[in-house]
Amino acid sequence: MSEARLLAPKLSPTEKGFRLFFLAAAIVALGQMFLIALFLLNEAAGLLATAPLGDFLFSKDWYPTYEPPEFGALALIVGSVVVTIGSSLIATPVGLGLAIYLAFLAGRRKREWIKPAVELMAGVPSVVLGFIGLAVVAPFLQDVLDLPTGLNVLNASFILALMAIPSIASLGEDALAAVPRDVLDASYALGATRWETIWKVAIPAAMSGLSTAVILGLGRALGETLVVLMVAGGAAQIPTSIFDSVRPMTATLAAEMGETAIGSAHYHALFALGAVLFVLTLAFNLLAYWLGVRWRRG
Amino acid sequence: MVAGGPIIEARDVDFYYGAFHALKGVSLDVAAKETTALIGPSGCGKSTFLKLLNRMNDFVPGARLSGEIKVAGRSIYGSDSDPVSIRRLVGMVFQRPNPFPKSIYDNICYGPRLIGARKKADLDVLVEKALKAAALWDDVKDKLTKSALDLSGGQQQRVCIARALALSPEILLMDEPTSALDPIATAKVEEWIKEADLSIVIVTHNMQQAARVSEHTAFFYLGELVEFGPTMEIFTRPRERRTENYITGRFG
Ligand SMILES: Nc1ncnc2c1ncn2[C@@H]1O[C@H](COP(=O)(O)OP(=O)(O)OP(=O)(O)O)[C@@H](O)[C@H]1O
Ligand SMILES: [Mg+2]
């Protein structure tokens, strides 16, 4: 009997070249991620010389230009969290509702133009949406509710929701459309109505994709800068109602980065904010991943 | 209902997919508590006819029907008939096993829960009964909470049978239920069909299978019901030339 040999053929030089190229690409991508995180944390750590971590995270006094300055980020963190939650309360039901409508209720004709329209909506630049918040929503809120300013949590949540809805709806519809027709037929054949089939079969079967859609939509709201800079009002305070102004972390970074001296305490404080954002975004992505895995099987 | 009388009566059924005339003047009675096989070459309308019996063709845009179909004496396409309650009376098992991505237990309980069964004790009894009836209980009794998708194809198909049986239907429709199964799993499903105490309509491409499991056989050709009678007679002395050609493998 002859000796057993490997079945996989030897790689040709071209194939080896390709392999190297893709390996290099992977290393570059991972490496830059790693370097950015390292740089961010390193610059953020510079703040610890001026303010202890506890003060930074749990004090709500953000007075970076006072003498001595104060760098309490709590109000800014709360600002980000509040508008993200606010937008999720609007965008999740509307986005998922739209996804269900597109996947199961709209006739073929309606789908054919609504779906592209929704996808087009996702491409509207955030500055345009911010401008709508500024020019349309703010005066409307101010007049109708008789508020001192229409630039507040509600306005920011609403505009951020407008940004998140198309991506939630589009990704959600993809997830629902991927539920096999066979399985839906099985439900109908057992005497389920359309609603029962949607609720008890389609949504649970698509849960992994649906939860990913929601989390990714909200991750976008958390990281969005221009909109909150334009319509959240900019006051570094802990809001007591949805009609108060806030100053999310991203807005603070964008507004203050230009006027700080490199290496100053303020500069380090802004990097510390960036690090907090980074950690929160990472947590969101991990959550999306975990939910995706968790729901994959019944 | 008279014992041994028809449980399904189809009269002059014409069916169209849009402009396509898929069934032409089909009249056929299905005997209660017996098994009726539908055979014929691909595209002749077997699945179409089967799906008419539990109104699964309602979902096809542009589908049209004339004629009458009665189940247990009541017209199922009448203006006052409700597809949902018809489907509880007339269960269906599909060509490819299609369990829900849920546990075995939840698969079986799906139908009963739709009609309001909630008590754990009742459901436990139902699950055991349905799984035993589908000859699957011994295979899965220790892993009822496991996903049905982790079972073999044959076991999945029997979960689908058990799921349909959990509603205690009068009639079970089976569209090539063993075409995705290996010979052993096929034998188990056939065994089950022979023992089952309900009315079964089965579509099959396998002549031996039709001969083994059914009392009556209907031969369809190009949307027409060519010949219908006791399985023994259809297979040993068919009256129509087209039937004979088909069962002897001369075409189709
Ligand atoms: N949804 C549909 N729309 C239009 N035509 C259809 C549809 N479903 C089936 N048909 C057509 O109707 C005819 C009968 O189809 P049917 O599925 O009933 O055949 P069948 O006898 O079950 O065939 P097979 O043995 O291949 O399953 C075929 O010509 C098919 O192309
Ligand atoms: Mg068929």
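Two strands pair if DSSP finds at least two bridges between them, and helices (H or I, at least four residues) and strands (E, at least two) are DSSP runs numbered from the N terminus. In β10(B), for example, Phe228(B) is the bridge partner of Ala218(B). The structure is a predicted model, in which local features need pLDDT of at least 70 and side-chain atom pairs count only at pLDDT 80 or more, while totals for chains, interfaces and linings use all residues. Residues are numbered from 1 along each chain as its sequence is written, chains are lettered from A and ligands numbered from 1 in the order in which they are written, and side-chain values use heavy atoms, with hydrogens and water left out.

- The residues around ligand 1 include Tyr17(B), Phe20(B), Lys46(B), Thr48(B), Glu176(B) and His205(B); a residue is near a molecule if one of its heavy atoms lies within 4 Å of it.
- The shell is made up of 4 nonpolar, 6 polar and 2 charged residues. In this division Ala, Val, Leu, Ile, Met, Phe, Trp, Tyr, Cys and Pro count as nonpolar, Asp, Glu, Lys and Arg as charged, and the others, Gly among them, as polar.
- Helix α1 (residues 46-52) of chain B supplies the largest share of the shell, 3 residues.
- A side-chain N or O atom of His205(B) lies 2.6 Å from an oxygen atom of ligand 1.
- On the backbone side, an N or O atom of Gly43(B) is 2.8 Å from an oxygen atom of ligand 1, and a polar backbone atom of Gly45(B) is 3.0 Å from an oxygen atom of the ligand.
- Of the 630 Å² of accessible area that ligand 1 has on its own, the protein covers 63%; accessible areas come from the Shrake-Rupley method with a 1.4 Å probe, and for residues only the protein chains shown count as cover.

- Glu176(B), one of the residues around ligand 1, is found in the loop between β7 (171-175) and α7 (183-195) of chain B.
- Its relative accessibility is 13%, and Glu176(B) therefore counts as buried; buried means under 20% relative accessible area, exposed over 50%, and partly exposed in between (1.4 Å probe, protein chains only).
- Glu176(B) is a residue other than glycine with a positive phi, near 45°.
- Asp12(B), in strand β1 (residues 6-17) of chain B, also is not a glycine and has a positive phi of about 50°.

- Thr217(B) belongs to strand β9 (residues 216-221) of chain B and is buried, with a relative accessible area of 0%.
- Its side chain makes polar contacts with the side chains of Thr231(B), at 2.9 Å, and Ser214(B), at 3.4 Å. A polar contact is a pair of N or O atoms within 3.5 Å; within protein, one must be able to donate a hydrogen and the other to accept it, and residues adjacent in sequence count only if both atoms are side-chain atoms.
- Leaving aside residues up to four places away in sequence, Thr217(B) touches residues including Ala37(B), Ile39(B), Phe228(B) and Phe235(B); contact means heavy atoms within 4.5 Å.
- Strand β9(B) runs antiparallel to strand β10 (residues 224-230) of chain B, and 6 bridges join the two.
- The hairpin of β9(B) and β10(B) has 2 residues between the strands, and Leu222(B) takes a positive phi near 45° there.

**Open sheet of chain B**

- An open sheet of 4 strands in chain B has the order β2-β1-β4-β5, with antiparallel pairing.
- Strands β2 (20-31) and β5 (74-75) of chain B stand at the edges with a single partner strand each, so one side of each has no neighbour in the sheet.
- Strand β4 (residues 63-71) of chain B and β5(B) run antiparallel and are joined by 2 bridges, and Ser75(B) in β5(B) is the bridge partner of Lys70(B).

**Loop residues**

- Phe59(B) lies in the loop between α1 and β4 of chain B and counts as partly exposed at 34% relative accessibility.
- Not counting residues up to four places away in sequence, Phe59(B) touches Arg181(A), Tyr188(A) and Arg87(B).
- Phe243(A), in the loop between α10 (226-231) and α11 (249-256) of chain A, is partly exposed at 31% relative accessibility.
- With the same exclusion of residues up to four places away in sequence, Phe243(A) touches Leu145(A), Leu147(A), Asn152(A) and Leu154(A).
- The peptide bond from Glu67(A) to Pro68(A) is cis, with omega near -5°, and Pro68(A) lies in the loop between β1 (62-63) and β2 (70-71) of chain A.
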